[in-house]
Amino acid sequence: MADAPPGSWSADSSGGGGAPARTVTLTDLLRVPLHRIRLVGAVAAIGLVAALGYVVIVPRAVTASAVVAVRPVVTDAFTPSGAAADRAVNMNVESGIATGTEVVQRLAEAGGDDQRDVRDALEVEVPTGGQILRFSYTARSAEEAVRNVNLAAQGYLDVRRTMYEKQRAEMLRRYEESIAEVDERRTALQKRMATARDGAREAAVAELAGINNQITQLNSARTEIAAVDVSPGWITQSAERGLVSSAGSGLLYVLAGLLGGALLGVVLAYAWESVDRRVRSVDDGRDVTGLPLLGTVRGRRFRGRGQAVDADIRYVALAIGERVREPARVALLTTREDQSAIAAGLAVALAATGRDVYVADDSGRLERLRTEVLAGLGRLPATANPAGPAVPKPREGGTASVDDITQQVAVRRPSPFPTGTPRPSTDPDATMTLPRVASGVPASGQSKVRKFPDEIPVAAGGIRFGTWRQRAATGTVLFNAPPAEADERGVAAARQGTAVVVVEQDGTRQGDLRRLVERLRAAGVTPLGFVLTRSGRG
């Protein structure tokens with residue numbers, strides 16, 4: 001029936017040394033998202049639509065800024081505060097006061113907002129080595145941002161001034177108490193001097209001079225404290241509507257939505273691929289099946305998109321013809337796909353080499369196969385299917401049988417009468433028909449070319465169609481088997497001959513393909529190999 005291939009797939013898979021691990025390249029990593037491009041594109045489109053909706057529906061946040069210069073409170077404003085400005089005022093404390101509870105409460109009461117939202121929207125920056133507070137407030141509208149940031153800056157100044165005023169009032173109260181106490185001592189001393197004698201009077205006068213001097217110093221210090229400017233600073237740059245800036249760019253949101261959606265789509269593509277593994281390359285097919293590769297059949301890219309490249313099918317036919325000898329029965333098996341186009345192309349390619357090919361199909365696809373075969377004949381090169389008139393071939397030996405007669409070839413018989421002599425026949429061009437016979441079986445193992453009424457001649461061979469039950473006993477039988485996942489007739493037919501597994505790139509699931517090979521192994525079938533078909537996308 002069919003010669004066994006040089007090495008079975010089981011021997012390859014159970015070799016002692018084992019094949020080295022295949023290196024995963026960047027192409028392997030990009031193959032999954034590229035072939036799941038619909039999923040990636042759909043998720044990226046969803047991210048883009050979400051970003052556009054956010055930009056259009058949600059108003060853009062704007063940020064307004066105000067700058068406050070902080071000054072130290074000193075008794076003499078013209079006294080230098082030192083070499084470093086940040087030594088005069090602790091700016092960390094001032095920043096804490098600017099974002100403290102009192103300032104936030106004023107903003108919340110003025111705008112009727114929640115204190116948590118106000119605290120999140122208010123930011124205070126302190127430049128290194130300077131006595132400056134930069135207030136920033138983010139809001140939904142420019143008016144709100146300008147109002148709140150100016151209110152925050154003024155609120156900080158008011159709070160800080162109130163704190164300084166309280167400190168000054170407390171110091172003045174202490175000075176007044178001290179002055180009142182010393183004044184009481186002076187009054188008591190003056191009363192004692194009125195009754196004192198000469199020696200005691202002199203001592204009382206000296207003590208009174210000291211008390212008067214102390215009162216003078218206290219009044220001078222109180223005057224200085226009362227004259228201190230307790231202003232904590234001033235607003236050097238107030239916020240205005242023309243100075244607000246957008247907190248985020250709409251184009252950046254759209255770009256972020258698109259890139260985020262694409263990244264999520266790639267992650268989902270890998271997740272989907274882990275659940276639904278497909279055969280992506282020749283290496284995947286070889287790893288799953290353990291079978292040798294008979295050939296790769298590409299799809300046309302532009303004209304005739306969806307059709308296989310004829311040259312690739314002819315190469316596959318050469319590989320199959322090298323492994324089988326007639327009479328041969330080859331079942332073309334797939335998991336869930338339809339391999340009718342490949343079966344028709346292989347039938348044409350095998351018949352072009354002089355084989356008598358019988359295409360069998362039990363799934364109602366004979367008309368489609370016949371159409372594909374006729375289309376394939378028109379694409380055969382002139383050397384494989386010459387268009388010249390047929391010439392009778394010499395017989396290698398033996399006589400031609402009735403089955404060998406396919407057509408009558410008209411041969412002119414020379415007239416036995418001289419020119420001008422009356423002839424018995426009224427037809428001056430009477431002819432006789434001689435049968436045309438085909439050659440016998442050559443030494444290469446190819447079949448005799450038998451011509452039947454429903455046969456399609458192809459060069460030196462021919463193609464006939466029918467069911468598996470009506471298959472011919474000679475020649476090459478190609479069984480266009482139904483999908484193996486739903487019908488077992490393909491595996492059953494392969495038991496009577498051999499099988500070729502047709503794998504569709506990016507279409508055949510690895511689990512289905514592994515299960516098909518296990519079924520063939522359990523049925524005692526040794527396949528010739530597998531054929532990888534590719535679409536026009538490359």
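**Stop one: a threonine and its surroundings**

Select Thr508: apart from neighbours within four places in sequence, it is in contact (heavy atoms within 4.5 Å) with Arg277, Arg278, Val279, Thr335, Glu337, Val503 and Leu513. This is a predicted model, where local features need pLDDT of at least 70, side-chain atom pairs count only at pLDDT 80 or more, and totals for chains, interfaces and linings use all residues. Residues are numbered from 1 along each chain as its sequence is written, and side-chain values use heavy atoms, with hydrogens and water left out.

Thr508 sits in the loop between β14 (498-504) and α15 (510-522); helices (H or I, at least four residues) and strands (E, at least two) are DSSP runs, numbered from the N terminus. Is Thr508 buried or exposed? Its relative accessibility is 1%, so Thr508 counts as buried (under 20% relative accessible area, with a 1.4 Å probe and protein chains only; exposed is over 50%, partly exposed in between).

Now show the side chain of Glu337: the side chain of Thr508 makes a polar contact with it at 3.4 Å. That term means a pair of N or O atoms within 3.5 Å; within protein, one must be able to donate a hydrogen and the other to accept it, and residues adjacent in sequence count only if both atoms are side-chain atoms. Next, find the backbone nitrogen of Glu504, 2.9 Å from a polar atom of the Thr508 side chain.

**Stop two: a helix**

Jump to Leu26, in helix α2. Leu26 counts as exposed because its relative accessibility is 60%.
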